Amino acid sequence: MQQRPFDPSSLYLDDPRLRMTVGGRMIVRIVDRVAYLVLAAAIFTFIFSKIHFLVWIGVFLLIFAADLFMHRGQGDVPISEISFGEGRINLAKVASPAAFAALERALDRSIITRKDFPAELAHRLLESPVIVEGLRRLDVKIRDFKEKLEKILERSAQGESGSIERTAETILAAAFAQAVRAGHEFILPTDLFSALAKTGGDAMEMLFREFSVEPGDLERALLFGSLVKRGWLRRLPRVLGGFGIGTHRVAKHRIMNRAWTARPTPILDRYAVDLTDMARGGSTGFLVGHGAEYGRLIETLARPLNPNAILIGEPGIGKESIVHHLALALVNDNVPTGLFDRRLVELHLASLAAGAPPEELEARIKAIVEEIEDAGNVILHIPDLHNLVRTSGTSYLSAADALMPVIMENRFPVIGSTYPREFKQLIEPRSDFVAIFEKIPVAEITEEEAERVLTYQSVLFENETDIEISFGAIKRAVVLAKRYLRDKFLPSSAEELMKSALVDAERRGEKVLGPERITAVAEGMVNVPMHEADEDEAEKLLRMEEIVHERLVDQEEAVKAVADAIREYRSGLARKGGPIASFLFVGPTGVGKTELAKILADIQFGSEKMMVRFDMTEYQDKASYARFIGSPDGAMRGALTDAVLAKPYSIILLDEFEKAYPDILDLFLQVFDDGRLTDSLNRVVDFTNTIVIATSNAHSDIVNQALSQGESMDQISEYVKARLTDVYKPELLNRFSKIIVFKNLGPEDLMKIVVMNLAELVDTMKEKGIYLDFDPDALREIAKLGYDPAYGARPLRRVIDEKVRAPLSRAILGRNVLKGNRVKLVYVNGVFDFVPEQE
């Protein structure tokens with residue numbers, strides 16, 4: 001399913017039937033059908049004739065008819081046999097009879113009725129059950145779609161002379177491109193219908209847009225429809241995505257090449273699996289995407305020197321799929337000539353090294369190497385190549401040391417696979433070993449490719465579970481997996497989400513799996529709100545400032561900024577490509593910067609545990625850079641990157657941001673711009689579902705001094721923001737969503753904070769049947785003791801513990817305060833005391 005590039009200017013449309021009149025084309029169709037009837041009558045008459053030579057003519061005609069039947073539905077030239085770049089391509093030659101007939105009939109209908117040709121073609125194509133099924137999978141109501149199309153036809157008018165032919169050529173060219181992408185041998189009716197969404201003109205574009213059908217979605221949904229309606233289930237590998245189809249056909253183990261020069265490999269077979277046998281049996285070889293990596297692999301294996309490759313990628317990214325697809329290509333001779341008749345054999349290192357002392361391990365490897373050399377047709381695949389190095393010890397040669405001389409002498413091709421971390425730690429340091437391999441990094445497939453994979457797999461899932469899967473569910477699974485399930489890569493992450501949703505739907509007794517069920521399951525997996533805000537949540541979002549101020553005093557600008565960011569995110573209006581928002585909170589210690597982050601994590605993200613906090617004073621030197629995002633050799637994991645991978649929907653709090661090592665500050669230029677960061681293992685860490693809050697005490701002395709001189713907070717904020725360039729680079733400051741200067745707390749603010757902190761204690765005591773109240777003088781004294789010019793309101797919690805909680809606990813234990821009592825905290829003669837209160 002690898003796409004082949006072609007030049008669109010090389011396409012043209014030419015067929016004698018298109019140059020005929022409507023009547024001429026009708027006569028040709030009648031003659032064509034009469035010819036088939038005459039052929040059938042001749043076969044029947046001649047075969048049962050008593051004249052010997054007529055019987056043989058009948059047999060010949062029967063063979064001819066059988067050939068026609070076997071090639072029904074095929075065009076003149078398969079796309080796979082076209083050499084792109086070598087001459088022009090006549091689209092009429094590569095169109096299937098069904099596609100060309102639809103085009104021809106729509107052309108006749110358009111000329112007769114003088115209506116829009118693309119609309120007539122769409123109307124004709126809607127007679128196809130495959131296309132109807134594809135639209136249904138897109139949750140399109142077919143009756144409504146047809147009615148809207150008929151209204152378009154009523155209002156439409158035929159184009160100018162010659163424009164219909166040009167339109168037909170444009171649509172057929174787009175259909176050809178779609179057929180190439182889909183790996184079709186001919187242009188099919190589904191390719192024509194898909195092309196209409198892109199090249200059918202304004203009316204067709206509006207029709208598809210009205211039913212929320214995007215061209216890309218239509219392509220893959222029509223593929224879904226063709227798989228279901230045409231019974232392509234049997235043409236898929238028998239094992240795909242963990243689901244099986246019926247019984248597996250066991251292919252006979254074949255070691256001999258067509259030249260009869262190969263030799264058996266009994267010892268190798270004991271510790272390995274022949275992937276070409278599996279491909280021949282139809283149980284492996286499925287591949288979508290990874291065209292570049294597969295192409296490099298083929299080129300490497302086909303070259304005479306160093307035909308060795310190592311695939312480097314994370315688990316589930318597609319390394320094994322590439323290798324297994326090579327096995328299928330070898331079986332089908334779809335490889336360069338130098339690779340014909342090769343066997344692809346996967347060596348199991350665990351079986352090879354199990355229970356073997358050094359001498360026996362070396363003997364096994366030597367025997368296997370001799371067998372491979374004698375056979376002369378084996379490509380050896382070694383998964384987890386890093387385990388070769390791990391078998392080494394101090395007193396004997398490792399398996400790598402035993403195999404390295406053989407591989408370096410190019411005796412047979414070797415494909416290895418490994419993970420980025422293990423490659424950096426175990427393989428890359430051995431430069432002699434690395435030099436003999438072509439390094440091929442394996443990237444994650446695109447979302448479109450993942451949708452195609454999941455479309456094929458969904459046919460198997462439906463067969464296994466009897467639950468119908470809409471294309472909307474497939475698309476939603478891919479989108480959500482890509483965005484939120486970043487511990488795995490596409491398509492594995494989307495497969496896992498789809499399987500979980502199927503299990504959930506089966507448990508609920510649902511017969512159709514739609515996008516809503518996918519969303520609900522994904523939310524449960526990562527605790528991220530993905531659904532559209534319902535009425536209750538919308539009300540909560542609109543009251544966000546009020547809710548925050550129940551636990552935070554003042555700081556209106558900061559509260560409004562974070563509330564606006566959350567509302568934009570949940571309404572789908574957040575900026576693409578960056579975090580939900582990034583804030584720099586500037587101000588003295590103890591004025592609520594960290595507290596606001598905690599409150600936001602609790603209210604919107606579900607828990608204060610969804611706040612990931614970093615004290616940047618711990619990352620002030622060069623060595624701490626590696627601790628923050630991981631060491632270059634992969635030995636040390638990154639604190640930031642691992643935290644975001646574990647909690648993709650969270651608040652990232654960077655305390656005392658200005659004290660971080662300069663290179664760490666520069667990292668956030670990319671984070672704030674693109675919402676992503678690549679760690680030392682080339683893992684892309686996604687920040688698009690995080691709010692990044694950096695706090696800073698920089699120039700807080702200026703704030704204190706200016707306030708004492710009676711300046712307004714607006715004047716102070718602008719001056720402080722301008723002075724921040726003394727501490728941070730301007731390009732970093734410009735990337736923050738907003739810079740907010742927190743003001744100092746006044747006496748009234750402190751009293752409110754005291755009441756908020758004591759409210760929790762009041763509620764706790766009420767649950768125990770004890771009613772607690774506070775005298776205003778006591779509150780004022782607590783506020784006075786809980787404030788420090790250097791630390792703001794931070795000492796307040798300690799003061800409440802010492803002056804309120806501790807004495808109250810002693811009074812309860814001493815049975816001076818009992819259940820049902822009402823007590824008041826008073827402050828008399830410099831002493832706090834609990835006194836009974838009259839009911």
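Is Phe832 buried or exposed? Phe832 is buried, with a relative accessible area of 17%, because the cut-off for buried is under 20%. Bear in mind that this is a predicted model.

Phe832 has a ring partner, Tyr827. Their ring centres are 4.8 Å apart and the planes sit at 50°, so this pair counts as tilted. Tyr827 is partly exposed, at 25% relative accessible area.

That is one example from the aromatic pairs; a search of the whole structure gives 17 of them. Another is Phe145 with Phe193. Here the centres are 6.4 Å apart with the planes at 50°, so this pair is tilted as well. Phe145 belongs to helix α7, residues 142-155, and Phe193 to helix α9, residues 189-199; the two are 48 residues apart, and the pair links distant parts of the chain. Phe145 is buried at 1% relative accessible area, and Phe193 is buried at 0%. There is also a cluster joined by ring pairs: Phe614, Tyr619, Phe628, Phe657, Phe668, Phe672, Tyr728 and Phe736.

Now the cores. The largest nonpolar core holds 124 residues, and Phe193 is among those with the most contacts inside it, as are Phe176 and Ile187. Helix α8, residues 163-182, supplies the largest share of this core, nine residues. A second, separate core has 38 residues, including Leu645 and Phe687.

Back to Ile187. Beyond its neighbours within four places in sequence, Ile187 is in contact with residues including Ile79, Leu91, Leu172 and Phe176.

Last, the surface. Met26, Ile30, Val34 and Val38 make up a nonpolar patch with about 360 Å² of accessible area together. Ile30 lies in helix α1, residues 22-47.

Key
Residues are numbered from 1 along each chain as its sequence is written. This is a predicted model: local features need pLDDT of at least 70, side-chain atom pairs count only at pLDDT 80 or more; totals for chains, interfaces and linings use all residues. Side-chain values use heavy atoms; hydrogens and water are left out. Patches are made of residues with over 30% relative accessible area and no salt bridge: like charges are joined within 9 Å, nonpolar side chains (Val, Leu, Ile, Met, Phe, Trp, Tyr) within 5 Å. Accessible areas come from the Shrake-Rupley method with a 1.4 Å probe; for residues, only the protein chains shown count as cover. A salt bridge is a side-chain nitrogen of Lys or Arg within 4 Å of a carboxyl oxygen of Asp or Glu. Helices (H or I, at least four residues) and strands (E, at least two) are DSSP runs, numbered from the N terminus. A nonpolar core is a set of buried Ala, Val, Leu, Ile, Met, Phe, Trp, Tyr and Cys residues joined through side-chain atoms within 4.5 Å. Buried means under 20% relative accessible area, exposed over 50%, partly exposed in between (1.4 Å probe, protein chains only). Contact means heavy atoms within 4.5 Å. Rings of Phe, Tyr and Trp (its six-membered ring) pair if their centres lie within 6.5 Å; planes under 30 degrees apart count as stacked, over 60 as edge-to-face and the rest as tilted.
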